[in-house]
Amino acid sequence: LGAPEATDYRSMRRYLKEFLSDRRVIEEPRLKWWPILNLVILSVRPQKRGRDYDKIWNRERDESPLKTITREQSERLAAALGDERIVVDWAMRYGNPPVAARLAALQAQGCDRILLVPLYPQYAAATTATACDQAFRTLMALRWQPAVRIAPPYFDDPTYIEAIAASMREHLATLDFGPEALIMSFHGMPEKYAEQGDPYPGHCRETSRLVRERLDWPEARWHMTYQSQFGSDPWLQPYTIDTVARLARSGVKRLGVVAPGFAADCLETLEELDMENRQAFLDNGGENFAYLPCLNSGPHGVGVIEHVVRRELAGWI
């Protein structure tokens, strides 16, 4: 998706303006949305989000953890593929490095066949589609276009499901407590997007079901929720933070949370889940809270991406 270049007001405002101006993300009429975005949201939200990013910022590299992890995924994927004919690069939909610049760099190296791999296991128009849109805009301006393939969503791919389950097992084994309940949290979307035909909720439900069955976890202790709601319209429910608080009030003392829709840990996992939701659980009577990390650039995470890439390169390599 992307990340700001810094946590100051101007950097955050520039990033949020690009993100929230995307018509795939905000499907409101422009005449209605423009004043709300520019006169209200971009006046107050950059400061708040900047403080949130500052809590998780990679100070050694002076960048968002999302950028650090994605770079590592790219480098380790190249090493795993071990083929000098394949050039692996990475880009962000919003911010840097931009899609257009990286596609130009690939073409300059002589790459005439491009596989685009949107790192979203579950398809949504506001994620997968807009990432592809940005690549297509670049291709539309080229006189000599490369051949292009797009990797499909992998929400039910057995390799992905096993990787999530294996990663969860490993992290659960390191805890000094056993969770009484587990929450599988996905990024939310406005309900009307799903009503208009976006397949995202179905993809999330299928991922949740397959992972639960793979772990043989009791259905009564398994909860699927949606996080990161924005604005006043109703979003997909149940909301993660409401569920966290409700479970604590109902007597659950030990809780685990995982976010398999994110290929890499980012603001929505490191700050929203591991900090905000942790506090909500403790404030409502919970005692032990564990956020289980994303697949990231470890063997499970790179293994899933390698599996998808090798499959989609069939006939090319």
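This is a predicted model: local features need pLDDT of at least 70, side-chain atom pairs count only at pLDDT 80 or more; totals for chains, interfaces and linings use all residues.
Trainee: Which residues touch the most other members in the largest nonpolar core?

Mentor: In soluble globular proteins, nonpolar side chains tend to be buried together. In this model the largest nonpolar core has 39 residues, and M168, Y200, V211 and W222 touch the most other members. At least two residues each come from α3 (65–81), α6 (158–173), β5 (181–187), α8 (200–215), β6 (222–227), β8 (288–292) and α11 (299–312). The largest share, seven residues, is supplied by α6.

Trainee: With which residues is W222 in contact, leaving aside its neighbours within four places in sequence?

Mentor: With that exclusion, W222 is in contact with M168, L182, M184, S208, V211, R212, L215 and W217. There is also a second, separate core of 22 residues, and it includes L66, A181, C266 and Y291.

Trainee: Which residues of α6 and α8 meet?

Mentor: From α6 come Y160, I161, E162, I164, A165, M168 and R169; from α8 come T207, L210, V211, R214 and L215. Please recall that M168 and V211 are among the residues that touch the most other members of the largest core.

Trainee: What span does α3 reach, and what span is expected?

Mentor: The 17 residues of α3 reach 24 Å from the first C-alpha to the last, close to the 24 Å expected at 1.5 Å a residue. Just after this helix, G82 takes a positive phi of about 55°.

Trainee: Which residues of α3 are buried, and what covers them?

Mentor: The buried residues are P65, L66, K67, T68, I69, T70, R71, Q73, S74, L77 and L81. Their cover includes β1 (2–3), α2 (30–56), α10 (267–283) and α11.

Trainee: Is T127 buried or exposed?

Mentor: One compares the relative accessible area with the cut-off, since buried means under 20%. T127 has a relative accessible area of 19%, so T127 is buried. T127 is placed in helix α5 (residues 125–140). Leaving aside neighbours within four places in sequence, T127 is in contact with Y120 and Q122.

Notes. Residues are numbered from 1 along each chain as its sequence is written. Side-chain values use heavy atoms; hydrogens and water are left out. A nonpolar core is a set of buried Ala, Val, Leu, Ile, Met, Phe, Trp, Tyr and Cys residues joined through side-chain atoms within 4.5 Å. Buried means under 20% relative accessible area, exposed over 50%, partly exposed in between (1.4 Å probe, protein chains only). Helices (H or I, at least four residues) and strands (E, at least two) are DSSP runs, numbered from the N terminus. Contact means heavy atoms within 4.5 Å. The expected span of a helix is 1.5 Å times one less than its number of residues.
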